[in-house]
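Welcome! Please take a moment with the sequence and the 3D view below, and then we can walk through some of the helices and strands together.

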Amino acid sequence: MKCSRCSREAVVTQPYSGLSLCELHAAADIAAKAKKEIRHRGGFPSGSKLFVEEDRTFRSFALRIFLADMLSARTDLLFVKDPKDADVILEPSTLDDTALLVLESVCAGTQDRLVDSGKGRIAPFSVIPTGEVFWYAQRHGYKGSKPKIGGNTAEFLAGFTAEHPGTRYALKNIRDALKLEDK
Ligand SMILES: [Zn+2]
């Protein structure tokens, strides 16, 4: 299959967008979406101290590579070793993780993790499907194993998404629309 944006061979297909993308255009698409999510969350003001959460999987591997690339010219930012010292904590969660958290919270009737406090936490890959984050990590030399689907809710979500490709984005959008009320 050919890339939807050029004549190269496609390596990533996106059922939710109808696009097939070559290596270059898939990487550009991931970077553009992740940067947009960072901007929507207030970005990194000059002088910000950043902490990158580590989950020992392809997620944080990919996140570090993405940030190093994106921020290579930003000498005004500081990476810190303790989340307590950080202005912004960067989470490695993907779109699948975020959608699952929303669905699980709704099913369990719990609000504490469903409604995000919005302050000081950004998950740049929360707009990128796990499969694409894994592809991005592998492209940059990640050798670990494939992501596994675990649990009833995750299996249900995977099955439902196969029929309705926009489902995970819909769940993420609902979470974004919910804000904690300041009382
Ligand atoms: Zn292309």
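A residue is called buried if 20 or more other C-beta atoms lie within 10 Å of its own, exposed if 12 or fewer do, and partly exposed in between, with C-beta atoms placed from the backbone. Helices (H or I, at least four residues) and strands (E, at least two) are DSSP runs, numbered from the N terminus.

This is a predicted model, in which local features need pLDDT of at least 70, side-chain atom pairs count only at pLDDT 80 or more, and totals for chains, interfaces and linings use all residues. Residues are numbered from 1 along each chain as its sequence is written.

## A mostly covered helix

Let us begin with H4, where seven of the ten residues are buried. They are Thr-130, Glu-132, Val-133, Phe-134, Trp-135, Tyr-136 and Ala-137. These buried residues pack against strand E1 (12–14), helix H1 (23–40), H2 and H3; contact here means that the C-beta atoms of two residues, placed from the backbone, lie within 7 Å. Just after H4 comes Gly-141, which takes a positive phi of about 100°.

## Two helix pairs

Two packed helices are described by the angle between their axes and the distance between the axes. The axes are lines fitted to C-alpha atoms, for helices over the stretch in contact, and angles run from 0 to 180 degrees between N-to-C directions. A crossing is left-handed if the near helix is turned anticlockwise from the far one by less than a right angle, and right-handed if clockwise.

Helix H2 (residues 58–70) and helix H4 (residues 130–139) have axes that come within 9 Å and cross at roughly 65°, and the crossing is left-handed. On the H2 side the contact involves Phe-58, Arg-59, Phe-61 and Ala-62, which meet Val-133, Phe-134, Tyr-136 and Ala-137 of H4. Of the residues in this contact, seven are nonpolar, none is polar and one is charged. In this sorting, Ala, Val, Leu, Ile, Met, Phe, Trp, Tyr, Cys and Pro count as nonpolar, Asp, Glu, Lys and Arg as charged, and the others, Gly among them, as polar.

The other pair is helix H3 (residues 95–108) with helix H5 (residues 152–163), packed at an angle of about 115° with axes 10 Å apart. Their crossing is right-handed. H3 brings Ala-99, Leu-100, Leu-103, Glu-104 and Cys-107 to the contact, while H5 brings Thr-153, Ala-154 and Leu-157. By class, there are six nonpolar residues, one polar and one charged.

## An open sheet

Now look for the four strands that form an open sheet in the order E4-E3-E5-E6, with parallel pairing. Strands pair if DSSP finds at least two bridges between them. At the edges sit strand E4 (78–79) and strand E6 (121–122), each pairing on one side only.

Strand E5 (residues 88–90) pairs with E6 in the parallel sense over two bridges, and Ile-89 has Arg-121 in E6 as its bridge partner. H2 lies across strand E3 (49–52) and E5, and runs at about 150° to E3.

Leaving aside neighbours within four places in sequence, Arg-113 is in contact with Leu-101 and Ser-105.

Phe-156, in helix H5, counts as partly exposed because it has 13 C-beta neighbours inside 10 Å. The C-alpha atoms of Phe-156 and Leu-100 are separated by 9.9 Å, although these residues are 56 apart along the chain.
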